[in-house]
Amino acid sequence: MGICQKLFSLVEILVGLHQIASAFYDTALLMLVQERSSPNSTTTESRAQQQGAISQFYMIYSLLLRLSPLLFTFFLAKLGDQKSRKITIWVPLVGYLVSRSLLLLVILFDLPLQVMFATALLNGLSGGFTAFWPGVMALASDTSSREKRSIRLSRVELTYGLAGMIGSIASGHLFTHLNISHAQGAGLMACSCLFYALSLIYSIFGLKPTQTGAGSQGSPLDQEEQENNVRIPRNAAWNRCQDERSMLLPDQNNTRIQGILGGNMSMNKITLALLFTAGVLYGLGVTGGVDVLSIFVLKDPLNWNAIWVGYGNAMGYAIFLTSFLGVCILSKYLKDTSLIVIGMLSFSIGMLIMAFTKWTFLYFIARAVMMFALIPLPTIRSLISKQKEDNSYGKLFAILEILLTMSGVIASIIFLNVYKSTKDWYPSICFSLSSVISCLAIIPMIFVERRLSSFP
């Protein structure tokens, strides 16, 4: 009974259900946009017009999806810090279910493609991913000790990736073979809506509620600290933690005791600013490159169909697994800052290879080089949470997500417009730009390492 109760209170189950639904939706939307943008002829000029129409749609869609939740996200995060983390999760999920169901109606009743702009706006006004993901990360942080937090957040990211990989592999086949009323993609979207409904039900009835306000109890390890003022590790618990420690500082235990006794580690604003800068720069490079990548594979030289799009997305989600394994193995020997830099280099080099991709096998090689590309952001979130001694880091996560969203909007506008201007003579220039920007994120991490190493 205890095992079942623990299983059905894990946030990872919610993340898995939600991400499978999102993977189905992403494939269905991309193929619908491609179909509606298809020209009557197959000349080179008509294909260029199709690519321009697809990139124009996604630029407007991304703007609405990313800008609309900004103000509501911070309000939800603040409410989650004061009341319950579940609020920041189930409210966006309601928006997901209602808004994403409209794509099914667009397919079945042949509604104009512009209706999808309304779905993006509706999804954003309920908080969207910008509110949902900080809520998930804050809930995972609440239910983990400080030493195990990096591993726990990476495990959540791993679940996100594995579910996305499974959903992406299945989505291409479901799109092709599962139809409703002879409408291609309707069966895939019906499955997507089903998984969104399951994730909403689970968030309401399955997740264990956490109180994060004044009466918050925090994690078991934090309760022990509050009762004793200074953390006194017990031998058994201490030995279990050693293999999963996140090596934030050269002497983390002594520094934490100093922080509890009145040191200045509870809120290091300069370190936080540097971490935010690194995260935003990296997010800018990643979002811009990935946004173009989803369109790039539809045209020559790759010219993928729905099944290959699913395989390509699955390869992208497989990076969650390799990144998680990287954290588990490398964290025993390297500091968090070193892990972040390795992840940034992994993505930058992979994107540089993508800039020269002319064959499908080279695409998958570039994706393989990006094996650690998803280490930086969850590790940055872990470092941010460790700069604050209380449980109000939900607001910090929300601020970071808002900044990442705003940088994502800027990246989409810049990269998609650059792609439209260069798609005929050098369509891969955006990948080179993404590589350079993600490399620049290493600079603030160097300063973070110096500041953390300077503590006694």
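Author: Let's start with a term: a salt bridge is a side-chain nitrogen of Lys or Arg within 4 Å of a carboxyl oxygen of Asp or Glu. This is a predicted model, where local features need pLDDT of at least 70 and side-chain atom pairs count only at pLDDT 80 or more, while totals for chains, interfaces and linings use all residues. Residues are numbered from 1 along each chain as its sequence is written, and side-chain values use heavy atoms, leaving out hydrogens and water.

Reader: Thanks! How many salt bridges does the structure hold?

Author: There are seven. In one of them, the side chains of Asp-291 and Arg-66 meet at 3.2 Å, N to O. Asp-291 lies in helix H13 (residues 269–296) and Arg-66 in helix H3 (residues 44–67), so this pair ties together parts that are 225 residues apart in sequence. Helices here are DSSP runs of H or I with at least four residues, numbered from the N terminus.

Reader: Is Asp-291 buried or exposed?

Author: Buried means under 20% relative accessible area, exposed over 50%, and partly exposed in between, with a 1.4 Å probe and protein chains only. Asp-291 has 16% relative accessibility, so Asp-291 counts as buried. Arg-66 is buried too, at 19%.

Reader: Which residues are linked in a network of salt bridges?

Author: Those are Glu-12, Arg-152 and Arg-155. The closest N and O atoms are 2.9 Å apart for Glu-12 with Arg-152, and 3.0 Å apart for Glu-12 with Arg-155. Glu-12 sits in helix H2 and Arg-155 in helix H8, 143 residues apart. Glu-12 is buried at 8%, whereas Arg-155 is partly exposed at 35%.

Conventions:
Helices (H or I, at least four residues) and strands (E, at least two) are DSSP runs, numbered from the N terminus.
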